[in-house]
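Colleague: I have the sequence and the coordinates open and would like to go through a few residues. Could you take my questions one by one?

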Amino acid sequence: MVRRRAVRHRVWGLCSALAGFVLLLLAVTGLAAVPDLMDDERAYEAAVPCAPRAAAGAGCLRPVEATVVRTVIRDEVKNEEFTLRLTGPPEVPGELDMGHSDPLLERLRPGDRVTVTMWRDHATAVSRDGLTQQSADTPVGEPPFVTALMLALLSVGAYALYAGGVVLARARHHAEWGLPASLVTRGKQSFGAALCTLPALIVGDLAGPLVAVAAWLAMLPPVHLAVLRWERRGRGRHAAVPVSVR
């Protein structure tokens, strides 16, 4: 029985360690790409209309004609969709997320001709009859979002690698005596660190990815201490009451 539990511990410990390694690798790779995303965001915000006959993919705003195939407007609390389906030149996407129904999407009908503003491979806006609506296909906001997502992966990956390593190091001992309570504590701290990426994302939208990382790091010690204090109080409430023997 102990041997079987030890084998199971080794299997899931190895899987956890490998998953943690992969998540950490993804997190590091994603964070390394954030400076390029910041450059793209700055380049887009500084972009100007293209000169005549500008090449596709140039770093300027290029108008391309397209035709509306269909619009999808679903404005529900838990199921929002504002999609514009187009047909046109190859660089124009077949489906575009417009983010909202106004001011233009709700007015469009199948067959309408529209002007799609292209920046590199992004369809950033749609225009018709003097109305222009920005789409969600822009590099604006990507750096803080990717930063927050990668920090969450970093939190989960670090815990998965730690848990897998702990179990693998003493699989037979844990099979016989049970897993250490520290795994639960570290799991709660990792979950708290992942949740901290949400306020870090808000900070990043206002002040940039570097400030978001600094804010996330600053939140980690209080979260870790709060988990430890919560566990101490829990043990205190549920501690066994000594029974006097007469």
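Colleague: Leaving aside neighbours within four places in sequence, which residues is V92 in contact with?

Modeller: Keep in mind that this is a predicted model. V92 is found in the loop between β2 (80–87) and β3 (95–97). Beyond its neighbours within four places in sequence, the residues in contact with V92 are V64, A66, L86 and V116.

Colleague: Is V92 buried or exposed?

Modeller: Buried means under 20% relative accessible area. V92 falls under that cut-off and therefore counts as buried, at 9% relative accessibility.

Colleague: What separates the C-alpha atoms of V92 and A66?

Modeller: A66 is among the residues in contact with V92. Along the chain the two are 26 residues apart, and their C-alpha atoms are separated by 7.5 Å.

Colleague: Is D129 buried or exposed?

Modeller: D129 sits in the loop between β5 and β6 (131–134). Its phi is positive, near 50 degrees, and D129 is a residue other than glycine. Exposed means over 50% relative accessible area. D129 has 68%, so D129 is exposed.

Colleague: What is the phi of R120 near?

Modeller: R120 is found in the loop between β4 and β5 (122–128). R120 is partly exposed, with a relative accessible area of 33%. For this residue other than glycine, phi has a positive value, near 55 degrees.

Terms used:
Residues numbered from 1 in each chain as written. Predicted model: local features only at pLDDT ≥ 70, side-chain atom pairs only at ≥ 80, totals over all residues. Heavy atoms only, no water. Helix = DSSP H or I, 4+ residues; strand = E, 2+ residues; numbered from the N terminus. Buried < 20%, exposed > 50% of the residue type's maximum accessible area, 1.4 Å probe, protein only. Contact = heavy atoms within 4.5 Å.
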